[in-house]
Amino acid sequence: MAVFPQLRLRRLRRTESLRSMVRESELHVTDLIYPMFVEDGSRIRQEIASMPGIFRFSPDQLAGEIEEVAGLGIPAVILFGIPQHKDETGTSAYDDQGVVQQAIRIIKQSAPDLVVVTDVCLCEYTDHGHCGVVVDGHVDNDLTLPLLVKTALSHVEAGADVVAPSDMMDGRVKAIRQALDDADRADIPILAYAAKYASAFYGPFRDAADSVPQFGDRRGYQMDPANVREALREVEQDIKEGADIVIVKPALAYLDVIRRVRDTFNCPVAAYNVSGEYAMVKAAAQQGWLDEQRVTLEALTAMKRAGADIILTYHAKDVARWLQQR
Ligand code: PBG
């Protein structure tokens, strides 16, 4: 085996053509899912203060944005709803006239081939801001499952292509898979937030979606950031229950988790580049402290290198443009 001076690793870095020949991971626009916030009402196009460039749209304002996303070659969006009405059991989440249900119908009209994923959770729809039914100050797992099932079914009835439960209740993938199959929708895949950590990186999202818990926090159902073996148990469980794709969330501080999941299981793995990760880059870029394009492409490429096949990211539209310019 050659060693220096015969071996020179710099030889393959001399030109961009050489570098591109030996590049191990590459970001493609087809890897991306663009998260969007839809708010019940009309004529709403409101930028989210902590997420520059990301807006809440009312359903009537969506068509233009959707055409732009589809036109950039981004294959999928994931929808989060901000309802007008919140209550104890999140009834707006499974209302046929709910904001996500309205949005799905509009999106399917303006871009029929765009994959519409819906986030299935109750936190944006409950008055207490927790992801399930609260009993005696705790989120009750088993009472929450039927409501998640109703939400998923109602999204699919409205035309959703993929459902993505993000609540972290035990057994929800199984319950949703069963209900979809019983409803003759065995064709609908489940994108499961399998390893979702109780993370402070969700801060801007909770402002965007009005979903800050009114008491306590989510550590009783989301995972402890210190754990990785437990993530593998979560992922294994979701796959056994019928998940088609698993998500690790957040992404940047959890690249080791993505790697472990990729090495242990064979299903597609998605990384969620969350709101706080986006906000940090945007804030630093606005100050002129970081090169937004280079930092973003580097971070997303790192997620691919760690083993992600799919990336959910608020940077999707920018990334699509940057990749076109290359
Ligand atoms: C709903 C949900 C959250 C996110 C996605 N789905 C918030 C949370 O769990 O508090 C976070 C997304 C982001 O920060 O970008 N449960």
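Visitor: How many cavities of 30 Å³ or more does the structure hold?
Guide: This is a predicted model, in which local features need pLDDT of at least 70, side-chain atom pairs count only at pLDDT 80 or more, and totals for chains, interfaces and linings use all residues. Residues are numbered from 1 along each chain as its sequence is written, and side-chain values use heavy atoms, with hydrogens and water left out. On a 1 Å grid over the protein atoms alone, a cavity is a set of points where a 1.4 Å probe fits but cannot get out. Of 30 Å³ or more, the cavities in the structure number three.

Visitor: Where does the ligand sit?
Guide: A molecule sits in a cavity if more than half of its atoms lie within 2 Å of the cavity's grid points. For the ligand, the site is the largest cavity.

Visitor: Which residues lie nearest the centre of the largest cavity?
Guide: The lining, meaning residues with an atom within 4 Å of a grid point, comprises 19 residues. Nearest the centre lie Lys 196, Tyr 202, Phe 205, Arg 206 and Lys 249.

Visitor: How far does a polar side-chain atom of Arg 206 lie from an oxygen atom of the ligand?
Guide: A polar contact is a pair of N or O atoms within 3.5 Å. Arg 218 places a polar side-chain atom 2.9 Å from a ligand oxygen. For Arg 206, the distance to an oxygen atom of the ligand is 2.7 Å.

Definitions and conventions
Polar contact = N/O pair within 3.5 Å; in protein donor to acceptor, adjacent residues only side chain to side chain. 1 Å grid on protein atoms, 1.4 Å probe; cavity = no way out; pocket = protein on both sides within 12 Å on 5 of 7 lines; lining within 4 Å. Points joined across faces, edges and corners; volume = space filled by probe spheres on them.
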